[in-house]
Amino acid sequence: MKLNQYQNKTLSEDYVDIYYQQPTEKITAIIEFIERVVDEKVRVRLTDTYGYILLSSIYYIESVDRKYMANLAKESHQLQTDVTLKELAERFQEVGFVRVSKSLIVNVAKVEKVAMDLNMRMLAYLTNGEVVQINRSYKKGFNHALVAFAKEGIGK
Amino acid sequence: MNKLRELAVVVAVAYTIVSLSVVVLERIQKGGIVHEQRNLLMQFVFSGLFVGILYLQHFFESVSPLIVGVIQLVVAESLVMLVVYASSFVAEVHPDGYRDMFVSTLVPFVIGALVYYGVLYHDVRKNNRLLKQIHGR
């Protein structure tokens with residue numbers, strides 16, 4: 001397979017074209033990889049197979065029994081990854097994820113509001129109606145992340 | 001700000017070391033200490049107890065701060081009463097001693113709780129303003 005690369009500084013947007021005779025396994029894998037990189041997708045375990053979901057569709061990622069569950073609006077899938085939650089939080093920080101407790105990172109884009117309860121805890125209300133707790137030692141990091149996202153935007 | 005905090009810590013530690021050293025040296029030289037110096041030692045013991053109790057909150061991250069605060073207050077009050085009771089064997093305790101120590105322990109906890117509530121309230125308001133800004137982009 002021939003691979004051509006061209007640099008053109010006058011382009012307003014980068015693009016990738018793929019030419020093929022037949023959509024072979026190799027071609028499909030390349031397309032999937034590029035889609036994953038471009039659209040920020042993550043690999044998850046589905047019922048009897050594997051698939052990819054958009055990072056932006058995840059509300060929060062929770063560590064349960066050493067497995068990472070990506071919680072979407074209504075369903076959740078097990079993430080296929082070997083990294084720790086700390087590394088996941090660092091990796092996904094630029095797309096809006098922030099760690100809010102020892103076992104949970106939340107997508108700020110899905111946080112509707114925060115409030116405190118009678119027990120003096122800070123809670124994050126998500127747009128799907130779920131509520132997650134922001135633990136004391138992660139509150140400062142959460143506050144700083146919001147300031148940064150408000151200033152620079154998510155994904156910048 | 002960090003340098004200022006570092007400076008405050010150094011001043012606090014130096015002051016504690018100097019104050020305690022003076023009490024110990026006078027105890028060695030004169031064979032006894034005056035009432036104010038005994039108070040100073042008691043304050044040091046109570047400060048150590050309170051700071052130790054407050055530091056325990058890091059182990060109860062998932063428990064409500066209000067419940068942790070109440071438990072810390074109960075533990076602190078119990079220890080203070082125990083120290084006052086123990087000191088009654090070596091010195092006479094004033095009739096209001098237990099009540100005064102109870103109130104003296106309670107006041108900083110109440111102030112701490114009010115400050116915590118105020119900071120949290122401020123953070124919530126600020127975060128909601130930032131979230132509106134983020135979603136409005």
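Helices α2 and α3 of chain B are roughly antiparallel to each other, a label used for angles over 145 degrees. This is a predicted model, in which local features need pLDDT of at least 70, side-chain atom pairs count only at pLDDT 80 or more, and totals for chains, interfaces and linings use all residues. Residues are numbered from 1 along each chain as its sequence is written, chains are lettered from A in the order in which they are written, and side-chain values use heavy atoms, without hydrogens or water.

Here is the helix pair, with helices taken as DSSP runs (H or I, at least four residues) and axes as lines fitted to C-alpha atoms over the stretch in contact, with angles from 0 to 180 degrees between N-to-C directions.

| Feature of the pair | Value |
|---|---|
| Angle between α2(B) and α3(B) | about 155° |
| Distance between the axes of α2(B) and α3(B) | 10 Å |

Contact here means heavy atoms within 4.5 Å. Residues making it include Phe46(B) and Phe50(B) of α2(B), along with Val75(B) and Leu79(B) of α3(B).

Chain B has 4 helices and 0 strands. Of its 137 residues, 20% are buried, that is, under 20% relative accessible area with a 1.4 Å probe, protein chains only.

Now to the nonpolar cores: sets of buried Ala, Val, Leu, Ile, Met, Phe, Trp, Tyr and Cys residues joined through side-chain atoms within 4.5 Å. In the largest, with 25 residues, Val106(A), Val114(A) and Phe142(A) touch the most other members. A second, separate core of 17 residues includes Val44(A) and Leu79(A). Beyond its neighbours within four places in sequence, Val114(A) contacts residues including Phe142(A), Val124(B) and Leu131(B).

Key
Buried < 20%, exposed > 50% of the residue type's maximum accessible area, 1.4 Å probe, protein only. Helix = DSSP H or I, 4+ residues; strand = E, 2+ residues; numbered from the N terminus. Parallel < 35°, antiparallel > 145°, perpendicular 65-115°, else oblique.
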